[in-house]
Amino acid sequence: MAEADIAYVATAGAAGLALALSAWAARLRGRLAERNAALETAMAATRVDLAHRDGALAAFEDVRLALTPGGGAARLGAPATWDALLKELATAEDVADDPALVVLDAVREVAGPRLDALIERGEPFDAVMEGAAGAWAVEGRSAAGAAWLRLSRLGLVGTAAESGLGLLADFYPSPTWVVDAAGRLAWANRAWLAEMKVESVETAREKGLSFDRGADAIVAEAGRLHQRQEGFRWTTGGGRRRAWRIVAEPAPGGAGAVLAFALDMTEAEETRDTLRRHVEAHDETLNHLADAVAIFGPSKRLAFHNTAFQQLFSLDPAWLDERPTHAELLDRLRQRRQLPEVVDYAGWKTRELDFYGASAAAPDDSWSLPDGRTLRVVRQPHPLGGVLLLFSDITDELKLRSRFNAQLQVQTATLDKLNDAVAVFGSDGRIRLHNEAFEAFWGVTGEQLRTAGDFDAVAALCQQTMPDPSLWLGLKARVADPDPESRVPISGEGRTADGRVAAWQTRPLPDGATLVAFSDVTARRELEQALAAKAAALEESQALKREFVGSVSYELRTPLTTIVGYSELLEAQTDLPERSRQHAGAIRVAASQLADSIDDVLDMAQIDAGEMELALGDVRVCDLMDEAAARARARIEGRGAVLSVHCPAGLRPIRADAQRVEQALELLLDNAARAVGEGGAVTLSAESGPAEVRIRVEDTGRGIPYHLQAHVFDRFVRRERGGPGVGLALVKALVELHGGWAEVESEPGKGAAFILHLPLEAQTAAAAPELGLGPDWRMAGVD
């Protein structure tokens, strides 16, 4: 190739390269211009953003410090806020220093190691720094590897009191207040001021008032831990104690302030206390029940048991206090053989525990224990959840019921064996019980009586046999009338349609029922009539006997008087032989004895007829005894015996018939004279008692056999001493006529003693009417 060509090619290549370089440079310049424009736009936006951030920082009363690891600080925030903060923290010597370092030193004094922990490890913290005009909240935080401090003036309320939220808090009925991070009162609502009895928060600050020391401690704890705290306090004010629930809530934003609320719990606590007392009273009441009570809670653990429960099963009180479960209790009772013996204990236990899901009470159950006891078990759902169990020992009740049923069967069988027709009507007028004799008496069947039911229907069946309307009306009044005056026993008689005589009577029973009994007394009335006729005939015969005895006695007295007179006349004859004189004396004595016997018979007849009348008077017993002894002394001494009289001095006189008492003594002395023999003795004595005088006639004769002593006072009974007669019977009758009594004491072979018990004043209807005597008549008689 020629050099010209080479030069040309080289020149053309250089020109093309230059053109290409020019185009690339122009293109590069355009791109650089676009990038510069974008950078300028971004820078302008950044400046605007920084201006907005600076404005936002300057709009609030807080400042920020950016900390460096070397200990330096860069400050951010409104200049006015920095000036205010420096005025409160800096002194005259610190004015020339860097403001950021001045604030950082003040924060280090408050935070100390926490500030170093923030710079080195990024650990946040909160603190409060006191200034000259108020407190500043210090917050330390880390972000993007840098440490920051934010300082803001404490003040939570601001204009909130003027807002709706502030009004709501101010009129809240419970005391509410706010304390700042330093623990000073920052704000309080009207309820708090009223409770403290101050007009404003400023006044409360000046007086240093606080709601309660315990509440202040709860608020301080919430501020220290930055956690919600609650407590319970009692305060005294206005003459009463009040309960408060204190709630302390740290204020949001971490400024260190705490919101405190005091909720009045007085009524709730009083209600709780009242409920507690009611529960205690309820438990105490259950504890005094005879039935055993056990309450298991929803967790199936024993919540309550009374003393009867522990005693019924003899369980350890300490073990019960551990609140065993229901299953554990059943296992313990099974070990002690205090549960019913069952084949499948596991299934039985499961059925017992299944009741916890029941909504209604289960039917009563009975447990027959191996020791012979029978328990009634009642299961009920408890209103507060769980189960209430009641155990009653009904062993004695079952025994009594069995005994009662047996007694009822015996009574029913007894009634059926009675001949009387008996029916029992309840207070409602329905027939409850009747015997077989009732059906036979009225000619009805048991089915008819059961169908009739009430008294009116039963009376309608019975009126066919005894058609007496007044009878059935009277019986109905006794059966159905609840008036106590109507429920009195009555009786009567009536005649049936077939001529029988029926006696009826009613008896009220203790349970309000009435027993009505009917009996056929036809044969009894006929027998009574026959007996009445025989009694009348007997009385007539007795009257005839008394009349005959009296007539015979009077008829015998006349010839006896003649015999006695002529015998005395013969004894008076001087020319009569001695033997004849003895015969005449024997005739006189026999006639006199016969006359005395006749007099005794007449006296007995007079006493039997109730015609003897006593002539009462003051009787000196000693004088009476002396007179009777004087008359009997010759007879006794004639038999070779001795008669002695013992009468204590000052023996009280008695009110009696002296003649009849003396007659009784003569009869006893005559009886003793016949009993004694040669060398014997008869003693007549008297002694005084509290209300009587006892006269004793004792002899040393042969005595009275034991088998005859009970009949010694009977009349006309053959005796081994004295023969038949009425002497001792008359003695007994005379003493009893005075209101006294006679007795005999004798031991065969050792004599006998007859004792007359005469009252101080005769109490008898046989005494003649007389003037009443004063209480001192006996003493007058003694004188």
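I take a residue as buried under 20% relative accessible area, as exposed over 50%, and as partly exposed in between. I note at the outset that the model is predicted.

**Entry 1: the disulfide**

I searched the whole structure for disulfides and found one. I recalled that a disulfide is a covalent bond between the sulfur atoms of two cysteines. Here Cys622 is joined to Cys647, with an S to S distance of 1.7 Å. I looked up the angle about the S-S bond, which is -65°, and the link of Cys622 and Cys647 is left-handed. Cys622 belongs to helix H21 (residues 621-638), while Cys647 sits in the loop between strand E22 (642-646) and strand E23 (654-656), so the link ties together parts that are 25 residues apart in sequence. I then checked the accessibility of Cys647: its relative accessible area is 28%, so I record Cys647 as partly exposed.

**Entry 2: helix H17**

In helix H17 (residues 455-462), I listed Phe455, Val458, Ala459 and Cys462 as buried. Viewed down the axis of H17, the buried residues fall within an arc of 100°, so they line one face of the helix. I noted that these buried residues pack against strands E16 (421-425) and E17 (431-434), and against helices H15 (436-442), H16 (446-452) and H18 (469-480).

**Entry 3: a surface patch**

I found a nonpolar surface patch of about 320 Å², made by Trp24, Leu28 and Leu32. Leu28 is in helix H1 (residues 3-58). Its relative accessibility is 35%, so I record Leu28 as partly exposed.

Methods: Residues numbered from 1 in each chain as written. Predicted model: local features only at pLDDT ≥ 70, side-chain atom pairs only at ≥ 80, totals over all residues. Heavy atoms only, no water. Disulfide = S-S within 2.5 Å. Helix = DSSP H or I, 4+ residues; strand = E, 2+ residues; numbered from the N terminus. Buried < 20%, exposed > 50% of the residue type's maximum accessible area, 1.4 Å probe, protein only. Arc of directions from axis to C-beta. Contact = heavy atoms within 4.5 Å. Patch = residues over 30% accessible without salt bridge, like charges linked within 9 Å, V, L, I, M, F, W, Y side chains within 5 Å. Areas by Shrake-Rupley, 256 points an atom, 1.4 Å probe, with all protein chains shown as cover. Salt bridge = Lys/Arg side-chain N within 4 Å of Asp/Glu carboxyl O.
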